[in-house]
Amino acid sequence: MKLVIVESPTKAKKIASFLGDSWRVEASRGHIRDLPRTALGVDVARDFSPTYELLPRKGNLVRRLMKAIQEADAIYLATDPDREGEAIAWHLLQMAQLGAQIPVHRATFTAITKEAVLDALDNPRQLDTDLVEAQQTRRIIDRLVGYLVSPLACKALDDRLSAGRVQSVCLRLVVEREAEIEAFTSQPYWTVAVELNANGQTFVAQLHRIKKTSPQFTSAEQAQKLSSLLKNAQVWVAKVGQHSKERKPFPPFTTSSLQQAAAKGRGFSPERTMQLAQTLYEAGHITYHRTDGVSVAPEAQKAAGMYILKHYGKEYLPEKPPVYASKSANAQEAHEAIRPTDLAYLPDETAGDGAQVYRLIWQRFVASQMASARYTVSGAVLHVGREQGKPFPLELRVQGRECTFDGFLRVYTEPTEVDEEDSVNTHQIPLLEQGQVLPVTAVPVAEKQTRAPARYSEASLVQTLEQRGIGRPSTFASTLQVLKERGYITLSKKRLLPSTLGIDLNAFVVTHFPSLFAYDYTARLEAKLDQIASGNATRLAILQAFWEDFQPLLGRATEVTLAQVAQRHQERLLGEPCPGCDDGELIQRTGKSGAFIGCTNYPRCKHTQAIASKPLVLRPVSED
């Protein structure tokens, strides 16, 4: 009997249908063991040696798996094709303690189809210990940060808080964006446009420059003065031009780009998107959905080409199949992009929210294999003066764009969060000739306001995390979910806001661990994990370097926090609301100059008062 072990029972059932009676398929239901929940589980003095324990409620399952392993003639570990999947396979082998008499193979596939599964079982490989080492390094560092920083945050802030290596940096982005918004002061400005007529067609030209500088009007008087001048001036065409432009299709989805598109176009959270994608993957409808790669298997490109030719025509098929380059190189880049396993399975055949995600994946993949869209872009430089040939030192410009071939846009248009004006007109401008005089029909003046930076949406935060190299795209969804569940951020009108709890926690970790929770440090650590995965660095070297940075910060933070706790023992709540904020209480503290009354929300609220300034009536504490 040959034994195949995967993670998911759904996947196990699907794979079993491809195999004969001589095969047995079992599911581990994810990880079977991990670091202990109630202890650090990492012996720093012994080269950061981890201690693993069986996960709760996994005893019966593991006994069944171990029995199946002992009874098997050959074992195929077919867990997911990433670091976590490699680690699950490694833990299974560690617990089984097999001898050399039972052959063990590692089988990986990125699509749960009969062809892909049989090919993987026919061409297995050895377990990739470099991937396992990278996964363990990440797990150990995350445990050290979480279990050593979180208790300090709890002591300092007197609350049940948790810090995380990536989680806290993600929170920092949201908090600092909110601080930018609060510090922003909106300023008014005025714009001037010119409505012109050419051959009976009205269009708008924009003021491009005045005396070789970009026009900026900080008062209505300035704008109105120019408007009056333009209304009584002549406008003529100084230069015209026209050229063709192509717009290339987007590559197929990666984990990150799928989360962004589903959030923008369907309103799904990253967590929900990944749940739906997992279901589609296990049903055999899409390739593996945790990937940074944008490559496409040749057979999939061939199938897409045939589909495009049949349903859209020869003009929609490019001369050569497109090749997309990934932005970074790491172990997960070997995976294909997310695509349908069979284009004949159409989006309408899927029900529920999964259909929405599948439609995005199907359309984006087909579009990625289609010809570019083509446009004709027309532009003109316009001069203004009292008479033609004697221009003022200012210039107008107009540009228009007309789609002459829709190409991939026939199938897919990238979802957007906010309707933004195109940088050029969506319609072709009138046919203009050099020297042509254009009558002015109106010169509208518009008052506008400078805008503060926008709060992050879930889509834009995922995009920022990916651009900065913070964490792995496969972990973005769970990171955001943790921040929301613990109340550090909230979602309001599809935008992320930090809570008071989140702001206080961010202030603590940034104050005491500035380098550890810096954006570039987190990104550099991800790059080091990639080096381990590729065999170019060792787990011990990376952990030692991390500890050298982390230990001094931890020591100083511990001293400060314990001092604050000791001082807090001398503090006394007075049972009165703080007049300086909405949710604080007055508290008696002792400072360098003696006793005083402050606010429990310090340093966010800096209200203080002298002891004798107001007699306080102490209220009895309720027993509830």
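Student: What joins strand β1 to strand β7?
Tutor: This is a predicted model. In it, 4 bridges join β1, residues 2-6, to β7, residues 74-77. The two strands run parallel.

Student: What makes them count as a pair?
Tutor: A pair needs at least two bridges. Strands β1 and β7 have 4, so they meet the cut-off of at least two.

Student: Which strands form the open sheet, and in what order?
Tutor: There are 4 strands, in the order β2-β1-β7-β8. Their pairing is parallel. From one strand to the next, the twist averages 20°.

Student: Why are β2 and β8 called edge strands?
Tutor: Strand β2 (23-27) and strand β8 (104-106) each pair on one side only.

Student: Which helix lies across β1, β2 and β7?
Tutor: Helix α2, residues 59-71. It runs at about 155° to β2.

Student: Now the charges. What makes D43 and R46 a salt bridge?
Tutor: Their closest N and O atoms are 3.9 Å apart. The cut-off is within 4 Å, so the pair counts.

Student: Why is D43 called partly exposed?
Tutor: Its relative accessibility is 30%. Buried means under 20% and exposed means over 50%, so D43 falls in between.

Student: Is R46 buried or exposed?
Tutor: R46 has a relative accessible area of 54%. Exposed means over 50%, so R46 is exposed.

Student: How many Å apart are the closest N and O atoms of D530 and R83?
Tutor: They are 2.5 Å apart, in a salt bridge. D530 lies in helix α15 (residues 519-533) and R83 in helix α3 (residues 83-96), so the pair ties together parts that are 447 residues apart in sequence. Both D530 and R83 are buried. That puts each of them under 20% relative accessible area.

Student: What do the side chains of R272 and D353 form?
Tutor: A salt bridge, at 3.3 Å from N to O. R272 belongs to helix α9 (residues 270-282) and D353 to helix α11 (residues 353-368), so this pair links parts that are 81 residues apart in sequence.

Student: Why do R272 and D353 count as partly exposed?
Tutor: R272 has a relative accessible area of 33%. D353 is at 35%.

Student: Which residues are linked in a network of salt bridges?
Tutor: R24, E26, R64, K67 and E71. A search of the whole structure finds 29 salt bridges.

Note on methods: Residues numbered from 1 in each chain as written. Predicted model: local features only at pLDDT ≥ 70, side-chain atom pairs only at ≥ 80, totals over all residues. Heavy atoms only, no water. Axes fitted to C-alpha atoms, helices over the stretch in contact; angles between N-to-C directions. Contact = heavy atoms within 4.5 Å. Buried < 20%, exposed > 50% of the residue type's maximum accessible area, 1.4 Å probe, protein only.
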